[in-house]
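Trainee: I would like a close look at a single part of this structure. Could you take me through it step by step?

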Amino acid sequence: MTTTIVSREIALLRDAKGETAEVSSSLMDEEAFRSFYERTSRGLWLFLVRVTGDRQLADDLLQDTYYRFYRAGATHESESHRRNSLFRIATNLARDAHRRHGGIVSTTIDEATGSTVDHGMDERTDLARAFERLKPRQREMLWLAYANGSSHEEIAAMTGVAPGSVKGLLRRARAKLAELLGNGRSVAEGGER
Amino acid sequence: MNGPICAREAELVAALASGRWPEAADRDLRDHVDSCSECSELAHVASSIDDDRRAVEGAVSLPPAGAAWWRVQMRMERETREAAARTVRRAHSAIVLATVGAVVAVLAMTSLLGAAWSWLTGALPTMRDLAALQPATPSVTTLAIAAVGLAVLTPLIVWLAVAEE
């Protein structure tokens with residue numbers, strides 16, 4: 001009942017803004033949303049964790065991503081398009097967060113003790129440290145390609161990079177990561193930010 | 001890193017994506033990767049990322065789908081209420097503006113017409129007699145013009161305020 005009322009109010013608001021009523025009528029119903037969430041949330045969360053380097057931030061962005069995806073009410077011709085759209089929203093939110101924080105925020109200072117607090121990367125793997133030295137777009141592309149198994153076309157759709165540029169950018173990102181992984185000392189103690 | 005792309009890269013990518021790499025991959029491909037720096041780098045990076053994904057995946061603790069749905073609905077409802085409240089506030093502002101505008105218009109027109117009437121009655125002696133005969137004429141005219149001004153200005157101001165949204 002609440003859902004129906006909310007959907008109707010949103011439809012009225014969108015009409016008032018000049019948007020089409022068809023968009024609001026395409027809002028997912030609860031069953032479709034739950035099913036889509038079950039299928040995608042794990043992969044999306046992992047993506048956000050590695051791209052932001054912060055589990056707490058990844059949790060927040062995950063919620064925000066699903067909210068924006070639902071609110072957009074866009075229709076997609078396939079599951080793949082829907083998924084690309086979801087990751088595109090997440091990518092944009094992660095970039096916004098990166099701009100706000102000025103980089104990966106994986107540690108903060110505890111006000112009470114003055115000690116460094118890890119926000120959530122329980123196990124600081126070599127890869128996590130190496131990822132911190134990469135640019136956000138490089139992190140996104142590498143994770144999508146080798147953890148998600150996304151094609152170049154999908155990566156382009158998810159990141160907003162021109163399809164023709166994906167291969168070259170991915171190659172450079174891969175070389176950079178290989179360099180960072182191959183030199184643990186420089187990764188741990190400093191490097192490109 | 002701008003050298004030629006290895007012809008067997010796609011084969012390696014397929015093996016990685018299907019989980020065949022390295023144990024279940026062809027012996028020939030494994031030998032090639034050992035000798036090709038490009039493919040070796042790809043295999044190293046992709047395996048590292050995949051290993052990391054598996055490690056982090058074990059610690060995933062996500063809110064259930066029902067909770068995610070509920071949060072989305074609550075946020076939608078809150079934003080809908082906020083948007084409605086904003087619209088009401090803007091409508092109130094428009095009405096106040098229209099009222100103030102109408103009052104100012106009436107006062108200005110009354111004052112202007114009064115001055116004009118005084119000038120006319122002073123300039124033309126014959127008009128003074130007419131004024132003496134019909135003392136109520138200026139105020140009726142003023143009220144009529146003010147009413148017309150009000151009728152035109154109010155919807156115009158309201159329309160302008162709403163059109164901004």
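At what angle do the axes of helix 8 and helix 9 of chain A cross?

Mentor: Keep in mind that this is a predicted model. Start with the two helices. Helix 8 of chain A covers residues 152-159, and helix 9 of chain A covers residues 163-182. Their axes cross at roughly 100°. They come within 8 Å of each other. An angle of 65 to 115 degrees counts as roughly perpendicular, so that is how helix 8 and helix 9 of chain A lie to each other.

Now look at the residues that meet. Helix 8 of chain A brings A:His152, A:Glu153, A:Ile155 and A:Ala156. Helix 9 of chain A answers with A:Pro163, A:Val166 and A:Lys167. By class, this contact has four nonpolar, one polar and two charged residues.

Stay with helix 9 of chain A. It has 20 residues. From first C-alpha to last it reaches 29 Å, close to the 28 Å expected. Several of its residues are buried, among them A:Val166, A:Leu169, A:Leu170 and A:Ala173. Further along, A:Arg174, A:Lys176, A:Leu177 and A:Leu180 are buried too.

Finally, turn to the partner chain. In total, 37 residues of chain A are in contact with 30 residues of chain B. Helix 9 is one of the elements of chain A that give two or more residues to this side. Helix 3 of chain A gives the most, with 10 residues. The side of chain A that touches chain B divides into 20 nonpolar, six polar and 11 charged residues.

Technical notes: Residues numbered from 1 in each chain as written. Chains lettered and ligands numbered in written order. Predicted model: local features only at pLDDT ≥ 70, side-chain atom pairs only at ≥ 80, totals over all residues. Axes fitted to C-alpha atoms, helices over the stretch in contact; angles between N-to-C directions. Helix = DSSP H or I, 4+ residues; strand = E, 2+ residues; numbered from the N terminus. Parallel < 35°, antiparallel > 145°, perpendicular 65-115°, else oblique. Contact = placed C-beta atoms within 7 Å. Nonpolar A, V, L, I, M, F, W, Y, C, P; charged D, E, K, R; others polar. Expected span 1.5 Å × (residues − 1). Buried ≥ 20, exposed ≤ 12 C-beta atoms within 10 Å, placed from the backbone.
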